[in-house]
Amino acid sequence: MIGISKLYCASIEPSDALRYGREAGKLPSHLLQFSKDKKPVVVWNMTKRCNLKCVHCYAQASEVSGHDEIDTSRGKEIINDLAEYGAPVMLFSGGEPLVRNDLAELASHAVNQGMRAVISTNGTLITKAKARELKQVGLSYVGISIDGDQKVHDLFRGVPGSFKKAMQGVENCQAEGLKVGLRFTVNRRNIAEVPKIFNILRDMEIPRVCFYHLVYSGRGSQLIKEDLTHQGTRELVDLIIDQTRDLYESGLPKEVLTVDNHADGPYIYLRLLKENPDRAREVFELLQFNEGNNSGRGIGCISWDGSVHPDQFWRNHTFGNVLERPFSEIWDDPSIDLLAKLKDKKRYVGGRCAECRFLKVCAGNFRARAEAFYGDIWAQDPACYLTDQEIKGD
């Protein structure tokens, strides 16, 4: 994650993270990306079932009917291991996590074990009663996926009326005082919707939004040709920066982040070098704290069948199964070759990444995207939009 508002709008300073020793267990949630120990945020895709049919679903979710392979009791055992290991966040995802009747019980268990519990959802199943229940169990955050206005969103989601239900889910969370934000995956089909997302933030007083760059995974693999060009991505990031700045200058600060393209960090730094060199130096220090892509290190994934992956998008690589061996043992096993290399991926990436002066703050960007495009785990990320001159500093 690259915090646009944190970095460009100077809502945090390097000293904010240093004050807590940059330890994951001590940092408040908005500074967690700057931890030095990189204890993994764990995404648990707790079900493959979903009530929608999204065209870009990385999980290739199935129908609502069916069963889940990990029951409540086993789920609590997994959470116990993660909490003891020091994983700071349990992110419940799917499919659609709210199709599981035990979501609130499992989230409550994570909170009671000292973890932050958050969910990633399509929002359509968040009734007033469900929002109240989630607030009562101590859920920290609800991220609701939106793809644009009603027409565009419903087309992406494959179910008419899903936009209205998602917006009602937002309102139900707000009514209970539950922190809620939007998640938006950008591609050529919905790039024109980005300003509308900022309008929704203003109109509904939503405090947070994450803009996700497209990752070629699951059904998203079918959208490779729908990804933005490099110039289009630069224009997108500039638009997000400008809209975020306008919010701050209007007295309506929001937390705005981009996700899954760590070239965004150097791009902000380079822009600030022209506009505010003093802030640029502080931003570069924060980017060094962030360390770029953390698949296999600062983020991990447990699938609905218990399989452990380097992140939620990279499911063709499995390191073990939590139904057979605890996550903590799998994650620290030096004999798992790829996992060990991902802990220090800067040594192995090739192409433009290996030559880039920003390697230490990007870490080679997204390996899943590189493999999907080139068939090579260690190839350069095809979505990096920095120019040769920018990466070499000539």
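Where does Gln 243 sit? Its place is in helix 9, which covers residues 230-249. The model explored here is a predicted one, and this residue makes a handy starting point.

## Around Gln 243

With a relative accessibility of 14%, Gln 243 falls below the 20% limit and so counts as buried. Leaving aside residues up to four places away in sequence, Gln 243 is in contact with Pro 195, Phe 198 and Arg 202. Val 256 lies 13 residues from Gln 243 along the chain, and the C-alpha atoms of the two are 9.6 Å apart.

An open sheet is built from 11 strands, ordered 1-8-7-6-5-4-3-2-9-10-11, with mixed pairing. Its edges are strand 1 (2-3) and strand 11 (320-321); each has a single partner strand, so one side of each has no neighbour in the sheet.

Strand 4 (residues 116-121) runs parallel to strand 5 (residues 141-145), and the two are paired over 4 bridges. Within this pairing, Thr 121 is found opposite Ile 144 of strand 5. Strands of a sheet are held in pairs by backbone hydrogen bonds, in either a parallel or an antiparallel sense.

## Nonpolar cores

Which residues touch the most other members of the largest nonpolar core? They are Phe 92, Leu 182 and Phe 211, in a core of 105 residues. A second, separate core has 6 residues, among them Leu 32, Val 41, Val 89 and Tyr 141.

Not counting residues up to four places away in sequence, its contacts include Ile 144, Ile 146, Met 167 and Val 170. Leu 182 also touches Ile 197, Ile 200 and Leu 201, as well as Arg 208 and Cys 210. Tyr 141, named above as part of the second core, is another of the residues that Leu 182 touches.

## Aromatic pairs

The structure contains 11 aromatic pairs. One of them joins Trp 44 and Phe 92: the ring centres are 6.0 Å apart and the planes meet at 50°, so the pair is tilted. Because Trp 44 belongs to strand 2 (residues 41-45) and Phe 92 to strand 3 (residues 89-93), the pair ties together parts that are 48 residues apart in sequence. Trp 44 is buried, at 0% relative accessibility, and Phe 92 is buried at 0% as well.

Phe 327 and Trp 331 make a stacked pair, with 4.9 Å from centre to centre and 20° between the planes. Both residues lie in helix 12 (residues 327-331), where they are 4 residues apart, about one turn of the helix.

## Cysteines

How many disulfides does the model have? The count is 0. A disulfide is a covalent bond linking the sulfur atoms of two cysteines. For Cys 173, the closest cysteine sulfur belongs to Cys 210 and is 15 Å away, which is too far for a bond. Cys 173 is buried, with a relative accessible area of 0%.

Cys 356 is in no disulfide either, and the nearest cysteine sulfur, in Cys 384, is 6.3 Å away. The relative accessibility of Cys 356 is 16%, so this residue counts as buried.

Key
Residues numbered from 1 in each chain as written. Predicted model: local features only at pLDDT ≥ 70, side-chain atom pairs only at ≥ 80, totals over all residues. Heavy atoms only, no water. Buried < 20%, exposed > 50% of the residue type's maximum accessible area, 1.4 Å probe, protein only. Contact = heavy atoms within 4.5 Å. Pairing = 2+ DSSP bridges. Disulfide = S-S within 2.5 Å. Core = buried A, V, L, I, M, F, W, Y, C linked by side-chain atoms within 4.5 Å. Phe/Tyr/Trp six-rings, centres within 6.5 Å; stacked < 30°, edge-to-face > 60°.
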